[in-house]
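The following exercises are to be worked through with the structure in view. Each task is followed by a solution in steps.

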Amino acid sequence: MQSTAFEKKTDLTSAINIAKRKMPQLVGKLKDKLENVDLTVSHTAVKEAKEAHLESKTLKSELHDLAIRRLSRSRESSTERVISLMSLWAKEEESAASDQLMILKDIVKTLEKTIKIGEIRAFHSSPRVP
């Protein structure tokens, strides 16, 4: 795409305004270039530049909306994945706790079979050594 005189003039003017604040030594060079740009700017060129700018704004807005929708979908998907992982983890923990409870019940039954109540009472009533 070839730049029109209007676009060049606008770009150079913008660059001069920025350079005044940040790079004063560049201002002189930019002003010289601005003076060398063809000063004949047609009404059509201005209208075309405006239309291109508006089309650019519209496109930018549409891209922004698309990006927001994609971000929203990504958030929803991520949230669903996190919930799924947490649910799986909770089930795994519940299963492990259930297995441990069954093992403990078996241990208690085994202890109850091997140790008589009298032995437990004798253990509690015996003097303890500090």
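**Exercise 1.** In this predicted model, determine which residues Leu30 is in contact with, leaving aside its neighbours within four places in sequence.

*Solution.* Contact requires heavy atoms within 4.5 Å. With the sequence neighbours set aside, the partners of Leu30 are Leu12, Ala15, Ile16 and Ala19. Along the chain, Ala15 and Leu30 are separated by 15 residues, while their C-alpha atoms are 7.5 Å apart in space.

**Exercise 2.** Classify Ala15 as buried, partly exposed or exposed.

*Solution.* A residue is buried under 20% relative accessible area and exposed over 50%, with partly exposed in between. The relative accessibility of Ala15 is 27%, so Ala15 counts as partly exposed.

**Exercise 3.** Describe how the buried residues of H1 are arranged around its axis.

*Solution.* Helix H1 comprises residues 5-22. Its buried residues are Ala5, Leu12, Ile16 and Ala19. Viewed down the axis of H1, they fall within an arc of 75° and therefore line one face of the helix. Arg21 and Lys22, on the other side of H1, are exposed.

Key:
Residues numbered from 1 in each chain as written. Predicted model: local features only at pLDDT ≥ 70, side-chain atom pairs only at ≥ 80, totals over all residues. Heavy atoms only, no water. Helix = DSSP H or I, 4+ residues; strand = E, 2+ residues; numbered from the N terminus. Expected span 1.5 Å × (residues − 1). Buried < 20%, exposed > 50% of the residue type's maximum accessible area, 1.4 Å probe, protein only. Arc of directions from axis to C-beta.
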